[in-house]
Amino acid sequence: MIKKFIDKLLGKSGVSKTSKVSKFGKREDVPVQVHGIDRNLVDQRALDVVHTLKAAGFEAYIVGGAVRDLLLGLRPKDFDVATSATPEQVKSLFRRAFIIGRRFRIVHVVYGRGREHEMIEVSTFRAYMDSADAEQVAGNERTSKGELAGMKHAVDASGRVLRDNVWGPIEQDAARRDFSINAMYYDPESQVVVDFHHGIRDAKKKTLRMIGDAATRYREDPVRIIRAVRFAAKLSGLGFKFDPHTLEPLASSRHLLGDVPQSRLFDEMLKLLQTGHALASVEQLKAVGLNTGIYPLLDVVVERADDPFVKLALQDTDRRVGEGKPVAPSFLLACVLWADVRKGWSQRLNPRPGQRPPPPFSALQDAVDDAFEARIGDVSGRGKLGADMREIWMMQPRFDKRVGTSPFSLVDQARFRAGFDFLRLRAQVGEIEEELAHWWETFQHASDEIREDMVDAQRKVNQPKGGAGGARRVKRSDTDHPASSAPAPDPRFRALDGDEVLAPRPAPARSYGSAFAPDSEGADDGEAGDETEGGEGSEGAAQAPAKKRRRRRRKPSGGGGAAADSGPAPTAD
């Protein structure tokens with residue numbers, strides 16, 4: 001004790017060196033015989049990135065959660081690389097590399113194209129910077145965007161780091177990482193693990209410990225509060241528990257999340273729910289006292305996690321992640337908020353006495369709008385997420401219609417599978433009949449012929465039992481199709497000899513020359529003879545059209561007698 005006091009008075013360098021070692025840790029190069037990592041579990045693309053960087057003369061290691069999982073015998077899903085090269089130097093070494101981020105500038109090295117692409121995230125070693133030495137701004141990322149543009153290390157009034165792009169050596173990079181089990185560096189070529197903060201020891205003891213003072217680290221980046229819960233949930237199945245000094249300030253630091261941008265909190269919420277440990281994350285939030293106050297939508301998830309429908313959705317999400325299948329945040333959030341939509345829909349379909357209920361689709365649309373406004377907030381403007389949620393909900397009443405062309409058009413929609421999975425969960429909790437989900441399960445995988453038979457069978461089921469059936473679709477193969485039977489004979493047609501059928505005889509034309517003279521009067525002799533020959537039963541008359549009757553012009557009085565005797569006496573007009 002006296003020796004340390006004298007050394008301090010004399011300003012000996014040994015004391016400062018000891019202080020520096022305790023601050024940045026002590027480097028330990030652990031060989032493969034001790035850590036036992038299987039190199040075959042490392043992704044080939046990560047090996048290529050490390051090899052390319054080292055061949056260019058830079059330090060390069062696989063870092064973070066991938067090393068932790070390798071140490072525990074797990075196959076990592078993502079691989080991150082840390083290097084001494086700057087982002088610009090990294091970008092120049094790879095054909096498809098992109099610099100992203102402002103707060104932390106990193107590089108995404110992309111392999112493959114489309115949905116099958118893989119990405120390796122490459123970050124530069126960062127210097128350990130004391131927040132007291134950083135430049136301070138009064139606002140946040142948005143309000144101080146112009147001021148932050150020229151800064152490399154900046155904090156806000158609460159001490160939250162807004163910029164951290166100062167490069168440094170590997171030991172300082174390790175000191176600025178959050179948990180000891182995430183601060184190990186693995187060189188796949190030499191198979192050596194570089195450990196500065198006893199990460200291997202904590203992994204064996206199954207302890208989740210924050211590097212440095214936990215309260216200070218939470219203040220530097222409040223998102224570490226959520227990350228701590230996520231790591232604890234992921235590793236709880238292996239027996240990991242919080243170090244007491246890491247757990248103690250966790251819940252009391254929750255107010256710091258109020259300064260974090262909503263978009264970043266939303267992304268962290270999705271990581272909690274979509275990394276394969278959704279149910280464990282909810283339980284961990286409750287266990288550490290963070291079941292409320294992190295993010296409004298996450299509060300709803302925790303509140304409804306015990307609801308059979310939401311719990312089934314969380315279990316289904318964990319199952320799909322475990323099977324390597326894709327998951328969409330829109331589906332899970334649609335399940336969480338379905339209770340709000342269903343309640344509003346039911347209220348609109350059952351109005352007060354004297355009020356006329358709106359159409360079902362219109363009522364559902366209004367209920368969806370109310371749910372977005374009350375629960376989603378700014379997420380409703382996130383484009384595809386909100387559109388997909390809305391489409392899943394609006395698809396539900398369409399599943400009830402299984403006749404006509406509706407089933408064929410519905411099954412061809414891009415979001416049909418998500419809508420059907422939603423329907424299937426509703427059937428599992430007893431909200432709808434299981435038969436409906438089974439019918440659509442069969443229909444979507446059936447051939448066109450079987451689909452038509454299923455629709456016809458469903459139409460017959462929908463017909464009333466006692467009375468006459470409703471209209472149905474008649475196929476050409478049916479016996480009652482018009483094309484399959486001969487038309488009935490027209491009674492107006494007459495059959496003659498030789499089975500020849502002739503058209504009916506047209507009625508004789510009438511003359512309306514005088515309104516006062518009868519039809520028999522005023523006709524000349526030739527016309528009378530033709531009329532007699534064309535009587536009923538004459539074949540020629542049946543085939544020849546009737547002649548048009550003409551009215552004889554009367555001569556003026558005083559003309560010849562012969563002319564006067566040829567017609568009737570004129571009548572008074």
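An open sheet of 8 strands runs in the order 1-11-10-2-3-6-5-4, and its pairing is mixed. Strand 1 (28–30) and strand 4 (97–100) form the edges; each has a single partner strand, so one side of each lacks a neighbour in the sheet. On average, neighbouring strands of this sheet are turned by 30 degrees against each other, direction ignored. The model is predicted. The protein has 573 residues, of which 39% count as buried. Its secondary structure comprises 27 helices and 15 strands.

**Overall contacts**

- Take the contacts in the protein between residues at least 6 apart in sequence: 62% of them join residues at least 24 apart.

- Strand 1 pairs with strand 11 (residues 192–195) in the antiparallel sense, over 3 bridges.
- Opposite Glu28 stands Asp195 of strand 11.

- Strands of a sheet pair through backbone hydrogen bonds, in either a parallel or an antiparallel sense.
- Strand 2 (residues 60–63) sends Ala60 and Ile62 one way and Tyr61 and Val63 the other way.
- All four of these residues, Ala60, Tyr61, Ile62 and Val63, are buried.
- Strand 2 runs antiparallel to strand 3 (residues 80–83), and 4 bridges join them.
- Ala60 has Thr83 of strand 3 as its bridge partner, and Ile62 stands opposite Val81 in strand 3.
- Strand 2 also pairs with strand 10 (residues 184–187), again antiparallel, over 2 bridges.
- Here Val63 stands opposite Tyr185 of strand 10.
- Strand 3 pairs with strand 6 in the parallel sense, over 4 bridges.
- Across that pairing, Ala82 stands opposite Ser123 in strand 6.

**Two buried loop residues**

- His197 sits in the loop between strand 11 and helix 9 (199–205).
- The relative accessible area of His197 is 8%, so this residue is buried; the cut-off for buried is under 20%.
- Leaving aside residues up to four places away in sequence, His197 touches Lys23, Phe24, Gly25, Ala174, Ala175, Ser180, Asp202, Arg209 and Ile211.
- Ala127 belongs to the loop between strand 6 (118–124) and strand 7 (135–136).
- Ala127 counts as buried because its relative accessibility is 8%.
- Ala127 and Ile170 are 43 residues apart along the chain, and their C-alpha atoms are separated by 8.3 Å.

**Helix 17 against helix 16**

- Helix 16 (residues 308–322) and helix 17 (residues 329–336) pack at about 165 degrees, with axes 8 Å apart.
- The crossing of helix 16 and helix 17 is left-handed.
- Helix 16 contributes Phe309, Val310, Ala313, Leu314, Asp316 and Thr317 to the contact, and helix 17 contributes Phe331, Leu332, Cys335 and Val336.
- By class, the residues of this contact between helix 16 and helix 17 are 8 nonpolar, 1 polar and 1 charged.

**Helix 17 against helix 20**

- Helix 17 packs against helix 20 (residues 384–395) at an angle of about 55 degrees, and the axes are 9 Å apart.
- That angle makes helix 17 oblique to helix 20.
- The crossing of helix 17 and helix 20 is right-handed.
- From helix 17, Pro329, Ser330, Phe331, Leu333 and Ala334 meet Leu385, Asp388, Met389, Ile392 and Trp393 of helix 20.
- The residues of the contact of helix 17 with helix 20 divide into 8 nonpolar, 1 polar and 1 charged.
- Phe331 of helix 17 takes part in the contact with helix 16 and also in the one with helix 20.

**Helix 15**

- Leu297, Leu298, Val300, Val301 and Val302 are buried in helix 15 (residues 296–303).
- The buried residues of helix 15 pack against helix 13 (262–273), helix 14 (278–287), helix 17 and helix 19 (360–376).

Technical notes:
Residues are numbered from 1 along each chain as its sequence is written. This is a predicted model: local features need pLDDT of at least 70, side-chain atom pairs count only at pLDDT 80 or more; totals for chains, interfaces and linings use all residues. Side-chain values use heavy atoms; hydrogens and water are left out. Two strands pair if DSSP finds at least two bridges between them. Axes are lines fitted to C-alpha atoms, for helices over the stretch in contact, and angles run from 0 to 180 degrees between N-to-C directions. A crossing is left-handed if the near helix is turned anticlockwise from the far one by less than a right angle, and right-handed if clockwise. Contact means heavy atoms within 4.5 Å. Ala, Val, Leu, Ile, Met, Phe, Trp, Tyr, Cys and Pro count as nonpolar, Asp, Glu, Lys and Arg as charged, and the others, Gly among them, as polar. Buried means under 20% relative accessible area, exposed over 50%, partly exposed in between (1.4 Å probe, protein chains only). Angles under 35 degrees count as roughly parallel, over 145 as roughly antiparallel, 65 to 115 as roughly perpendicular and the rest as oblique.
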